[in-house]
Amino acid sequence: MSHSRRQWLRMSGAAVTLLSIPLPAIATPAALAQAQAQAYGERPIRDGRITLTVPALAENGHSVALAVSVDSPMTERDHVQRIDVWAEKNPLPLIGRFELSPLSGSAAVRTRIRLADSQTLSAVATLSDGTLWRASAQTIVTLAACTDFLI
C-alpha cells in the first residue's frame, strides 16, 4: 500500500508535533524539598525510629525492592498514621504513600518501586502524636526506569 505525498506530509507533521512536546524532567533535591515542605509544612522531621531498606545496587530500575518499618507499638494512643516514600530524582518525588492504623498490627510495608536513576530515597513516618520521623538510603541503579516515554 503506497502513500500519497500529502499523507507523508501529514505523518511527518504529526511526528514533528509529537517530538516537540516537552518531556517531564528528572526531579532535583530542591524539588524534593519543596514537595516535602508542601506535605509537612514547618513541622520538624527527626531522624530515627524508622528503617528504610533498599538494595545498595539495583540492576534494573523498573523493579526495586523496598521495605520500610517503624518502631511503634501500634496502639490506639501511639501508632503510625502514614508512611511516605520519596525519591529525589524521579519525575514525581512522592513515589509511595501508605495509610496505617492500629488495626494494621505492625508499622511495616514492602513493595517494589521504579527508579529513574541512582539516588537517595527517604521515608517519612507520621505518628499519631503529629511527630515526623525519617530514614534515608542510597541505591545505585544500573538500568534506569521512568523513561519509557523516550523509547
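Let's start with the open sheet: three strands make it up, lined up in the order β2-β4-β7, with antiparallel pairing. That puts β2 (50–53) and β7 (108–113) at the edges, where each has a single partner strand, so one side of each goes without a neighbour in the sheet. On average, and ignoring direction, neighbouring strands here are turned by 15 degrees against each other. Keep in mind as you look around that this is a predicted model.

Now zoom in on the pairing between β4 and β7. Strand β4 covers residues 64–70, and six bridges join it to β7, with the two running antiparallel.

Next, the aromatic rings. The structure holds one aromatic pair. Its partners are Y40 and W86, whose ring centres are 6.0 Å apart and whose planes sit at 70 degrees, so this pair counts as edge-to-face; the cut-off for that label is over 60 degrees. Where do Y40 and W86 lie? Y40 belongs to helix α2 (residues 29–40) and W86 to strand β5 (residues 80–87), so the pair ties together parts that are 46 residues apart in sequence. And are Y40 and W86 buried or exposed? Both of them are buried.

Look for W133: the charged end of R49 sits over its ring, 5.6 Å from the ring centre.

Definitions and conventions. Residues are numbered from 1 along each chain as its sequence is written. This is a predicted model: local features need pLDDT of at least 70, side-chain atom pairs count only at pLDDT 80 or more; totals for chains, interfaces and linings use all residues. Side-chain values use heavy atoms; hydrogens and water are left out. Rings of Phe, Tyr and Trp (its six-membered ring) pair if their centres lie within 6.5 Å; planes under 30 degrees apart count as stacked, over 60 as edge-to-face and the rest as tilted. Helices (H or I, at least four residues) and strands (E, at least two) are DSSP runs, numbered from the N terminus. Buried means under 20% relative accessible area, exposed over 50%, partly exposed in between (1.4 Å probe, protein chains only). A charge sits over a ring if NZ of Lys or CZ of Arg is within 6 Å of the ring centre and within 35 degrees of the ring normal. Two strands pair if DSSP finds at least two bridges between them. Axes are lines fitted to C-alpha atoms, for helices over the stretch in contact, and angles run from 0 to 180 degrees between N-to-C directions.
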